[in-house]
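Try each task before reading its solution.

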Amino acid sequence: MRFRVVTYNIHRCIGVDRRFKPERVVEILEHHDGDVVLLQEVDEGAPRSRELDLARELAEAAGYPHFAVGHNVSLRKGRYGNCTLSRFPIARERNIDLTIGNKKRRGCQHTTLLLPPADGSGGAERHLEVFNLHLGLSARERERQVGLLLRSHELADLDPAAPCMVGGDFNDWRSLLRPIFTQALQFQNATDLKSGWNAVIRTYPSFSPQGGLDRVYYRGGLALRGARTCRLNLSRVASDHLPVICDFELDAA
C-alpha cells in the first residue's frame, strides 16, 4: 500500500507578502494530493484570518473527509495550533501538551488512522499512528519537549513495530534532535539527504531555504519511496515555510 504524507507550516495562511490567502494553501494541497497532511499554525476565530475555522475551511476546500485539530495557543480573540487532514478515518485523537514552564504553549497532536486491509478484500484494518508537532525556538526547550513526547502514553506505549510517524515543524536548525529519534528510538528521517553533515531537505525561509525545520521521522513497516519540497512558485510566497512531500509504502504484514 502506498500513500503520501505532506507536512506544512502554513503560517496562518498569511504569506511572505503579508496577505491572508487560504486559497493559495488549498491550491498547493490539491496539487500534491496527500493522503495525510500535517499542518502547523492553523487559526480558529482569529481576526488576522477573518475569524475563520481554518482547519475546517481547508479540509472542505481541499476535499479531506476527516480532520482533527489540536489547539495550543490562545489569543486575545481566537486560537491556533496543529491540524491533521486525512483521507483515512481517524479512530482516535488527542493533543499532547509540550509546553515548558512559562514558554509559549506548544503541542503535539496524535491521531490513529485506520488504513485499508492489506489484501483489500475485507481483512483487518491497520493502524497508522501519526504525531503532528510544532516545537519551540530554543534548543534546550526542544530537547525537553521531545522528552515529554517520549514519555507520553501515546508514544511510550506503542509497539516499536507499529507503523508510526512523527512530523511537523521541529525548528531543529542543527539536527540536534536527530540522534534521539534515529538512534535511541529507531526512527528513520524521511527528510535526510544522502550525504553531508546536517544534510536535510531545506524548507525555511520559503523564498530562499536555509534550514531544514520541517521533518518526518518514521518506523514500523514503512518504507520511504521519495521525499521533496514543493516546487510550485506559489509555495515561495504562500507561507514562510515550504511544504515537504513524502511518499511511503506500508508492507503487507
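## Exercise 1: a residue in helix 4

Glu 154 is found in helix 4. Keep in mind that this is a predicted model.

**Task.** Decide whether Glu 154 counts as buried or exposed, and find which residues Glu 154 touches beyond four places away in sequence.

**Solution.** 
1. Start with accessibility: the relative value for Glu 154 is 9%.
2. Buried means under 20% relative accessible area, so Glu 154 counts as buried.
3. Next, list the neighbours. Leaving out residues up to four places away in sequence, Glu 154 touches Arg 92, Arg 94, Ile 96, His 110 and Phe 131.
4. Finally, look at the side chains: those of Glu 154 and Arg 94 are joined by a polar contact of 3.1 Å.

## Exercise 2: helix 3

**Task.** Compare the span of helix 3 with the expected one, then work out which elements its buried residues pack against.

**Solution.** 
1. Helix 3 has 13 residues, and from first C-alpha to last it reaches 19 Å.
2. At 1.5 Å a residue, 18 Å is expected, so the span is close to that value.
3. Now pick out the buried residues of helix 3: Glu 141, Arg 142, Gln 145, Val 146, Gly 147 and Leu 149.
4. The elements they pack against include strand 5 (90–97), strand 6 (107–115) and strand 7 (126–134). Helix 4 (153–156), strand 8 (164–169) and helix 5 (178–184) are also among them.
5. Arg 140 and Glu 143 both lie in helix 3, three residues apart, or about one turn. A salt bridge links Arg 140 to Glu 143, with 3.5 Å between the closest N and O atoms. Glu 143 is partly exposed, at 43% relative accessible area.

## Exercise 3: salt bridges

**Solution.** 
1. The total is 16 salt bridges.
2. In the bridge between Arg 48 and Asp 43, the closest N and O atoms are 2.8 Å apart. Arg 48 is partly exposed at 31%, whereas Asp 43 counts as buried at 1% relative accessibility.
3. Asp 53 and Arg 56 meet in a salt bridge of 3.9 Å, N to O. The cut-off is 4 Å, so this pair qualifies.
4. Here Asp 53 is partly exposed, at 26%, and Arg 56 is partly exposed, at 42%.
5. To finish, find a network: salt bridges link Arg 2, Arg 225 and Glu 249.

How values were computed: Residues numbered from 1 in each chain as written. Predicted model: local features only at pLDDT ≥ 70, side-chain atom pairs only at ≥ 80, totals over all residues. Heavy atoms only, no water. Salt bridge = Lys/Arg side-chain N within 4 Å of Asp/Glu carboxyl O. Buried < 20%, exposed > 50% of the residue type's maximum accessible area, 1.4 Å probe, protein only. Helix = DSSP H or I, 4+ residues; strand = E, 2+ residues; numbered from the N terminus. Contact = heavy atoms within 4.5 Å. Polar contact = N/O pair within 3.5 Å; in protein donor to acceptor, adjacent residues only side chain to side chain.
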